[in-house]
Amino acid sequence: MPKIFAYTDGACSGNPGPGGWGVILQAKENSIVVKELELYGGEKETTNNRMELMAAISSLEGLEKSTKLTIITDSNYVKGGVTEWIKNWKKNNWKTANKKDVKNIDLWKRLDQATSNHEVIWKWVKGHAGHLENERADALARKGMEPFKKKT
């Protein structure tokens, strides 16, 4: 049985501004990639955090059946939110510890729903530090953003 990995990244030109997200889904057997899929997309007016969330969401929504996988992100916002903060947000009716509305609540709810069918291990890697798949996911995010950038 292959192990499944999703390498995710988001990008934004201005914050807010045009943005993109990218995902590399890999099935590995004995550390060898046996199948790979690239996903990317973007929006005209968004934020970097929203694109990081969209990358994670897209990696999960793209799976056809319940899966055990590892999602690798360079976003402390996504990893911290999904592994630590979301439990209390849900318990507090999507409010922060300061009683303020959770930012990007629509995407956090969508990510929460997307993770419910899967067994997910979340890992963080330092961005722009030479991690091959993270660099490739970043390139896909920039590709997803490209149609939304103003032409000069």
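## Two packed helices

Axes here are lines fitted to C-alpha atoms, for helices over the stretch in contact. With that in hand, let's look at this predicted model. Helix H2 (residues 76-91) packs with helix H3 (residues 105-115) at an angle of about 90°, and their axes are 11 Å apart. Angles of 65 to 115 degrees count as roughly perpendicular, so H2 and H3 are roughly perpendicular to each other.

On the H2 side, the contact is made by Tyr77, Val78, Gly81, Val82, Ile86, Trp89 and Lys90, while H3 brings Trp108, Leu111 and Asp112. Sorted by class, the contact of H2 with H3 has seven nonpolar, one polar and two charged residues.

## The loop between H2 and H3

Most residues other than glycine have a negative phi, and most peptide bonds are trans. Trp94, in the loop between H2 and H3, has a positive phi near 60°. Its relative accessibility is 10%, so Trp94 counts as buried.

Asn104 lies in the loop between H2 and H3 too, and its phi is positive, near 60°. At 17% relative accessibility, Asn104 counts as buried.

## A hairpin and a cis proline

Strands E2 (residues 17-29) and E3 (residues 32-46) run antiparallel and are joined by 12 bridges. Leu25 stands opposite Leu37 in E3. Two residues separate the strands of this hairpin, and Asn30 in the turn has a positive phi of about 50°.

In the loop between strand E1 (3-12) and E2 you will find Pro16. The peptide bond from Asn15 to Pro16 is cis, with omega near 15°.

## Confidence

The chain has a mean pLDDT of 95, with 99% of its residues at 70 or more.

Technical notes:
Residues are numbered from 1 along each chain as its sequence is written. This is a predicted model: local features need pLDDT of at least 70, side-chain atom pairs count only at pLDDT 80 or more; totals for chains, interfaces and linings use all residues. Side-chain values use heavy atoms; hydrogens and water are left out. Axes are lines fitted to C-alpha atoms, for helices over the stretch in contact, and angles run from 0 to 180 degrees between N-to-C directions. Helices (H or I, at least four residues) and strands (E, at least two) are DSSP runs, numbered from the N terminus. Angles under 35 degrees count as roughly parallel, over 145 as roughly antiparallel, 65 to 115 as roughly perpendicular and the rest as oblique. Contact means heavy atoms within 4.5 Å. Ala, Val, Leu, Ile, Met, Phe, Trp, Tyr, Cys and Pro count as nonpolar, Asp, Glu, Lys and Arg as charged, and the others, Gly among them, as polar. pLDDT is the predictor's confidence in each residue, from 0 to 100. Two strands pair if DSSP finds at least two bridges between them. Buried means under 20% relative accessible area, exposed over 50%, partly exposed in between (1.4 Å probe, protein chains only).
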